[in-house]
Amino acid sequence: MTEISELDLQNLRHLIGGFDTTHCKMDAYAQQATDSEVKQFFQKSAQSAMQSKQQLMQFLQ
């Protein structure tokens, strides 16, 4: 693996944190939703944010 610069590392950390926050919020919204379509929307959004976070985490391995 090639080394990443300090700036790239900071950007990755920022993006990963953002996707983690988005996942947590979307999951919380899904749990509170009473409409099934709204609940499904938030669940899919939470899942998408988690997948994006996991993809970015691969750059740190």
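Student: How do you know what the 27 residues of α1 should span, and how far apart are its end C-alpha atoms?

Tutor: The expected span of a helix is 1.5 Å times one less than its number of residues, so the 27 residues of α1 should span 39 Å. The end C-alpha atoms of α1 are 39 Å apart, which agrees. The structure is a predicted model, in which local features need pLDDT of at least 70 and side-chain atom pairs count only at pLDDT 80 or more, while totals for chains, interfaces and linings use all residues. Residues are numbered from 1 along each chain as its sequence is written, and side-chain values use heavy atoms, with hydrogens and water left out.

Student: What makes a stretch a helix, and where is Leu-9 placed?

Tutor: Helices are DSSP runs (H or I, at least four residues), numbered from the N terminus. Leu-9 has its place in helix α1, which comprises residues 6-32.

Student: Why is Leu-9 called partly exposed?

Tutor: Buried means under 20% relative accessible area, exposed over 50%, and partly exposed in between (1.4 Å probe, protein chains only). Leu-9 has a relative accessible area of 34%, so it is partly exposed.

Student: Which residues form a nonpolar patch on the surface with Leu-9?

Tutor: Ile-4, Met-57 and Leu-60 form the patch with Leu-9, and together the four have about 300 Å² of accessible area. Such a patch takes residues with over 30% relative accessible area and no salt bridge, with nonpolar side chains joined within 5 Å.

Student: Which residues of α1 are buried, and what covers them?

Tutor: Leu-12, Ile-16, His-23, Met-26 and Ala-30 are buried in α1. Their cover includes α2, residues 36-57.

Student: What makes Asp-20 and Lys-53 a salt bridge?

Tutor: A salt bridge is a side-chain nitrogen of Lys or Arg within 4 Å of a carboxyl oxygen of Asp or Glu. Between Asp-20 and Lys-53 the N to O distance is 3.2 Å, so the pair meets that limit. Asp-20 lies in helix α1 and Lys-53 in helix α2, so the pair ties together parts that are 33 residues apart in sequence. A search of the whole structure finds one salt bridge.

Student: Are Asp-20 and Lys-53 buried, partly exposed or exposed?

Tutor: Lys-53 has a relative accessible area of 19%, under the 20% limit, and is therefore buried. Asp-20, at 30%, falls in between the limits and is therefore partly exposed.

Student: What is Lys-53 in contact with, leaving aside its neighbours within four places in sequence?

Tutor: Lys-53 is in contact (heavy atoms within 4.5 Å) with Ile-16, Phe-19 and Asp-20.

Student: Why is the pair of Phe-41 and Phe-42 called edge-to-face?

Tutor: The structure holds two aromatic pairs. One of them is Phe-41 with Phe-42, at 5.4 Å centre to centre and 65° between the planes. Rings of Phe, Tyr and Trp (its six-membered ring) pair if their centres lie within 6.5 Å; planes under 30 degrees apart count as stacked, over 60 as edge-to-face and the rest as tilted. The distance lies within the limit and the angle is over 60, so this pair is edge-to-face. Phe-41 and Phe-42 form one aromatic cluster with Tyr-29.

Student: How do you know whether Phe-41 and Phe-42 count as buried or exposed?

Tutor: Phe-41, at 51% relative accessibility, is over 50% and therefore counts as exposed. Phe-42, at 19%, is under 20% and therefore counts as buried.

Student: Where is Ala-33 found, and what does it touch beyond four places away in sequence?

Tutor: Ala-33 is found in the loop between α1 and α2, where it touches Val-38 and Lys-39, not counting residues up to four places away in sequence. Its relative accessible area is 16%, under 20%, so Ala-33 is buried.

Definitions and conventions: Patch = residues over 30% accessible without salt bridge, like charges linked within 9 Å, V, L, I, M, F, W, Y side chains within 5 Å. Areas by Shrake-Rupley, 256 points an atom, 1.4 Å probe, with all protein chains shown as cover. Helix = DSSP H or I, 4+ residues; strand = E, 2+ residues; numbered from the N terminus.
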